[in-house]
Amino acid sequence: YNIYLSSGINAEYGSFKLNTNYFIQTNLSNDLMVRYTRLMNEDPPLVSSDEIDTERQRFPHCVVWTPLPLLSWIFPFIGHTGIATVDGVIYDFAGPYTVTVDNMAFGNPTKYWQLELGGVKDVEWDTAVLRASQEYRGRMHNLCCDNCHSHVAMGLNLMAYQGRTNWNMVHIALYMVIYGRFTGFGGFLKTYLPFLIILALIVLVVVFL
């Protein structure tokens, strides 16, 4: 589906206001199209819950994290991130010109950081997520300079989360370490078990050789 979301913006990374002077075209799944139609008509959202649902992989207004093969085994604080809509659908910058929806690259999240909506309205949050995702569908992936963390940071900047428009990939990585919560014991194992095995092997080699 193609749908035009109309919203105004005070600055490049300012806060959104609903009016008719700015138009965004994006591809929406059927359930999100219905939800947006209701939101734009000021109806209650179809789903209005902050509850994390790991069975359905729904993480409402969260930044989510999953390990990267090899890299996270050595540096378990480095991983792949995505940002979810208020309904919990995850968008992540998976590679060059690719943003996946509801199918996170490198597997399901093992950690999440749920953000307080504060003064950000549902439609403002989701529009920012979609705008950032639309932008990153046109970008080359750069592991060091323009990556999945940058995609998340742009979403937060577009909605002026916490009144800030200077979010960057370092903030996202640091806040995930500080505020991230594991999805469960399985999430903890998936995050740290490879690192612990490598560490144990190194210790054994040092001790016995």
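Analyst: Helices are DSSP runs of H or I with at least four residues, strands are DSSP runs of E with at least two, and both are numbered from the N terminus. Keep in mind that we're looking at a predicted model.

User: Okay, how many helices and strands are there in the protein?

Analyst: The protein has 209 residues, and 45% of them count as buried. As for its elements, the count comes to six helices and 10 strands.

User: What share of the contacts with a separation of 6 or more comes from residues 24 or more positions apart?

Analyst: Let's start with an example of such a pair: Thr-66 and Gly-187 are 121 residues apart in sequence, yet their C-alpha atoms are 8.7 Å apart in space. Now take the contacts in the protein with a separation of 6 or more: the share from residues 24 or more positions apart is 62%.

User: Is Thr-66 buried or exposed?

Analyst: Thr-66 sits in strand E5. Leaving out neighbours within four places in sequence, its contacts include Gly-79, Met-104, Phe-106, Pro-109 and Lys-190. Buried means under 20% relative accessible area. Thr-66 has 0%, so it is buried.

User: Where is Ala-160, and is it buried or exposed?

Analyst: Ala-160 is in the loop between H4 and H5. Its phi is near 50°, a positive value in a residue that isn't glycine. The relative accessible area of Ala-160 is 16%, and the limit is under 20%, so Ala-160 counts as buried.

User: And Gln-162, is that one buried or exposed?

Analyst: Gln-162 is also in the loop between H4 and H5. Its phi is positive too, near 60°, and again this isn't a glycine. Exposed means over 50%. Gln-162 comes in at 54% relative accessibility, so it is exposed.

User: How far apart in space are Gly-118 and Tyr-161, C-alpha to C-alpha?

Analyst: Gly-118 belongs to the loop between strand E9 (111–114) and H3. At 71% relative accessibility, Gly-118 counts as exposed. Along the sequence, Gly-118 and Tyr-161 are 43 residues apart, but in space their C-alpha separation is 8.4 Å.

User: How are the rings of Phe-93 and Tyr-136 arranged?

Analyst: This is one of the 14 aromatic pairs found in the whole structure. The ring centres are 4.9 Å apart and the planes meet at 65°. Planes over 60 degrees apart fall in the edge-to-face class, so the pair is edge-to-face.

User: Which residue lies over the face of Tyr-136?

Analyst: Let's come at this from Phe-93, whose contacts beyond four places in sequence include Tyr-136 and Arg-139. One of those two also sits over the ring of the other, at 4.5 Å from the ring centre of Tyr-136. That residue is Arg-139.

User: Which residue lies over the face of Trp-65?

Analyst: Here the distance to the ring centre of Trp-65 is 4.9 Å. The residue placed there is Lys-111.

User: Which element gives the most to the lining of the largest pocket?

Analyst: The largest pocket has a volume of about 410 Å³. Among its 20 lining residues, Ile-78, Gly-79, Leu-143, Asn-147 and His-149 are closest to the centre. Strand E6 (79–84), E7, H4 and H5 each give two or more residues to that lining. The element that gives the most, with five residues, is H5.

Key:
Residues are numbered from 1 along each chain as its sequence is written. This is a predicted model: local features need pLDDT of at least 70, side-chain atom pairs count only at pLDDT 80 or more; totals for chains, interfaces and linings use all residues. Side-chain values use heavy atoms; hydrogens and water are left out. Rings of Phe, Tyr and Trp (its six-membered ring) pair if their centres lie within 6.5 Å; planes under 30 degrees apart count as stacked, over 60 as edge-to-face and the rest as tilted. A charge sits over a ring if NZ of Lys or CZ of Arg is within 6 Å of the ring centre and within 35 degrees of the ring normal. On a 1 Å grid over the protein atoms alone, a cavity is a set of points where a 1.4 Å probe fits but cannot get out, and a pocket is an open set with protein on both sides within 12 Å along at least five of seven lines; lining residues have an atom within 4 Å of a point. Grid points are joined across faces, edges and corners, and a volume is the space filled by probe spheres set on the points. Buried means under 20% relative accessible area, exposed over 50%, partly exposed in between (1.4 Å probe, protein chains only). Contact means heavy atoms within 4.5 Å.
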